[in-house]
Amino acid sequence: MALRTIRIMGDKVLEKKCKEVKAMTPRTKQLIGDMFETMYDACGVGLAAPQVGILKRICVIDTDGTPYVLINPVILETSGEQTGNEGCLSLPGQMGVVTRPNYVKVKALNENMEEYVLEATELLARAICHETEHLDGIMFTSHVEGDLIDVTEEYEETED
């Protein structure tokens with residue numbers, strides 16, 4: 001596995017719609033492993049393939065120690081709402097208030113290309129919505145209520 005470079009907002013690859021994954025290949029398996037390693041290294045809870053420059057419908061998520069691979073995800077159902085701060089590895093140091101569904105039901109393929117359905121609430125539901133939107137070229141900034149907040153100074157102060 002290897003760390004991949006995370007693309008930053010403004011990179012055109014983040015604005016493109018990704019292609020469906022038709023079959024699992026050794027390169028795709030490697031990509032999934034690299035995406036997890038890159039996400040963990042960046043202290044993120046989710047990462048979509050376009051964020052590392054690959055236009056495939058793949059995202060990885062881990063909000064609580066349970067890693068999920070979502071290949072060709074389709075959101076089947078949402079309900080409720082939650083409003084809270086949201087950030088993105090492709091927009092480091094920035095955060096904004098976003099309202100998302102509090103419940104999400106998603107159908108996807110796992111790393112073995114087996115279909116499964118995942119029901120999620122709270123942070124996992126937020127992460128699924130955020131990452132699946134990346135696959136359609138949508139950044140969380142299009143949902144921010146109010147202004148983006150610069151959080152780099154906060155982190156710099158707490159590191160000492």
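Analyst: Let us begin with the second largest pocket, whose lining is made up of two nonpolar, three polar and three charged residues. (Ala, Val, Leu, Ile, Met, Phe, Trp, Tyr, Cys and Pro count as nonpolar, Asp, Glu, Lys and Arg as charged, and the others, including Gly, as polar.) What you see is a predicted model, in which local features need pLDDT of at least 70 and side-chain atom pairs count only at pLDDT 80 or more, while totals for chains, interfaces and linings use all residues. Residues are numbered from 1 along each chain as its sequence is written, and side-chain values use heavy atoms, with hydrogens and water left out.

The residues around the second largest pocket are R4, T25, R27, T28, Q30, L31, I54 and K56, and about 150 Å³ of space lies inside. A pocket here is an open set of points on a 1 Å grid where a 1.4 Å probe fits, with protein on both sides within 12 Å along at least five of seven lines, and lining residues have an atom within 4 Å of a point. The volume is the space filled by probe spheres set on the points.

Now turn to the largest pocket, which has a volume of about 480 Å³. Its lining counts 23 residues, and those nearest the centre are C43, G44, G87, C88 and L89. (Helices, H or I with at least four residues, and strands, E with at least two, are DSSP runs numbered from the N terminus.) By type, the lining of the largest pocket holds 12 nonpolar residues, eight polar ones and three charged ones.

Two of those elements, α2 and β5, are also joined by a pair of side chains. E133 makes a salt bridge with R100, with their closest N and O atoms 3.1 Å apart. E133 sits in helix α2 and R100 in strand β5, so this pair links distant parts of the chain, 33 residues apart. (A salt bridge is a side-chain nitrogen of Lys or Arg within 4 Å of a carboxyl oxygen of Asp or Glu.) Both partners are covered: E133 is buried because its relative accessibility is 17%, and R100 is buried because its value is 4%.

D136 and R57 meet in a salt bridge of 3.1 Å, N to O. D136 lies in the loop between α2 and β8 (149–150), and R57 in the loop between β1 (46–48) and β2 (58–61), so the pair ties together parts that are 79 residues apart in sequence. D136 is partly exposed, because its relative accessibility is 32%, whereas R57 is buried, with a relative accessible area of 12%.

For contrast, have a look at K22 and E20, whose side chains form a salt bridge of 4.0 Å, N to O. Both of these residues are exposed. In the whole structure, a search finds nine salt bridges.

Key. Buried means under 20% relative accessible area, exposed over 50%, partly exposed in between (1.4 Å probe, protein chains only).
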